[in-house]
Every structure is written in C-alpha cells, then in structure tokens.
Amino acid sequence: MSKLYLFLTVLGIAIPFGAFIPWLVNNGLDFTALFYAAVINPISIFAWLDVLVAALALLIFIAVDGKRNKVKYRWLAILGTLSIGVSFGFPLYLYLKEKQYLDLKKA
C-alpha cells in the first residue's frame with residue numbers, strides 16, 4: 001500500500017499543478033484574476049467550499065491521528081495540505097503512516 005500512497009502523492013501534486021501552471025504562465029501572479037477565476041460561478045464556489053471543508057477535516061485528522069499514532073513527519077502532510085492541497089496532503093499522510101507501520105513491523 002505504501003507504494004500506492006506514494007504514487008497518489010505524486011499524482012496529487014502533478015495533476016493540480018498541470019492545470020495551474022498553464023494558467024500561471026498566461027496570467028502571471030495576478031491574484032485578483034486568480035480569485036475571480038476561482039469564484040466565477042456558483043459551481044466553482046461550491047467546489048472551493050467543498051475543498052475547504054475537506055482540508056479542514058483533513059488537518060484535524062492529521063493532527064489528532066498523527067499524535068495518537070506518533071506518526072513521524074506528520075507536519076509535512078499538514079504543510080503539503082496548506083500549500084498544495086488535499087490531493088497531496090492526504091495521500092502523503094497515509095504514506096507516512098503506512099511507512100511507519102511497515103518499519104515497526106520489520107523491527
């Protein structure tokens with residue numbers, strides 16, 4: 001499972017950035033245009049609010065479950081969620097947790 005989680009972590013950064021980088025090349029760091037494009041219609045607002053709630057739930061989960069299970073480097077998954085998104089932070093946390101489990105199992 002750890003290889004699958006690592007693969008999903010890579011996809012979680014590659015796919016979103018694959019869509020964002022062309023926009024960035026065309027528009028530069030125009031935060032006004034970025035905000036406008038993100039909230040241009042009700043369905044995009046729906047999608048962003050859905051992601052926002054999922055990110056909040058994930059951050060709480062990582063903090064609580066990570067502390068309970070003493071997952072090393074869980075702060076990387078928190079940082080990844082905040083800087084890249086749920087699609088990166090969630091599989092990264094699952095990878096870190098699975099890797100720790102496998103390491104403990106080998107010991």
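**The largest pocket and its surroundings**

Tutor: Happy to. The lining of the largest pocket comprises 19 nonpolar residues, four polar ones and no charged ones; here Ala, Val, Leu, Ile, Met, Phe, Trp, Tyr, Cys and Pro count as nonpolar, Asp, Glu, Lys and Arg as charged, and the others, Gly among them, as polar. The model is predicted, so local features need pLDDT of at least 70 and side-chain atom pairs count only at pLDDT 80 or more, while totals for chains, interfaces and linings use all residues. Residues are numbered from 1 along each chain as its sequence is written, and side-chain values use heavy atoms, with hydrogens and water left out.

The largest pocket holds about 810 Å³ of space. A pocket is an open set of points on a 1 Å grid over the protein atoms alone, where a 1.4 Å probe fits, with protein on both sides within 12 Å along at least five of seven lines; lining residues have an atom within 4 Å of a point. Grid points are joined across faces, edges and corners, and the volume is the space filled by probe spheres set on them. The lining has 23 residues, and those closest to the pocket centre are Phe20, Trp48, Val51, Ile84 and Gly85. Two or more lining residues come from each of α1, α2 (31–38), α3 (42–68), α4 (74–83) and α5 (86–106). The biggest share is from α3, with six residues.

Now for the chain around the pocket. It has five helices and zero strands, where helices (H or I, at least four residues) and strands (E, at least two) are DSSP runs numbered from the N terminus. The C-alpha trace spans about 50 × 25 × 20 Å along its principal axes. Of the 107 residues, 24% count as buried, meaning under 20% relative accessible area, with exposed meaning over 50% and partly exposed in between (1.4 Å probe, protein chains only).

Two of the lining helices, α3 and α4, pack at an angle of about 175°, with axes 10 Å apart. Axes are lines fitted to C-alpha atoms, for helices over the stretch in contact, and angles run from 0 to 180 degrees between N-to-C directions. That angle makes α3 roughly antiparallel to α4, a term for angles over 145 degrees. On the α3 side, the contact (heavy atoms within 4.5 Å) is made by Ala55, Leu58, Leu59, Ile62, Gly66 and Lys67, and on the α4 side by Arg74, Ala77, Ile78, Thr81 and Leu82. These residues divide into seven nonpolar, two polar and two charged.

The loop between α3 and α4 is worth a stop too. Lys70 is found there, exposed at 63% relative accessible area, and its phi is near 50°, a positive value in a residue other than glycine. Tyr73, in the loop between α3 and α4, also has a positive phi, of about 60°, and is exposed at 53%. For context, most residues other than glycine have a negative phi. Lys72 lies in that loop as well and counts as exposed at 57%. Leaving aside neighbours within four places in sequence, Lys72 is in contact with Leu96 and Gln100. The C-alpha atoms of Lys72 and Lys97 are separated by 7.9 Å, although the two are 25 residues apart along the chain.

Terms used. Parallel < 35°, antiparallel > 145°, perpendicular 65-115°, else oblique.
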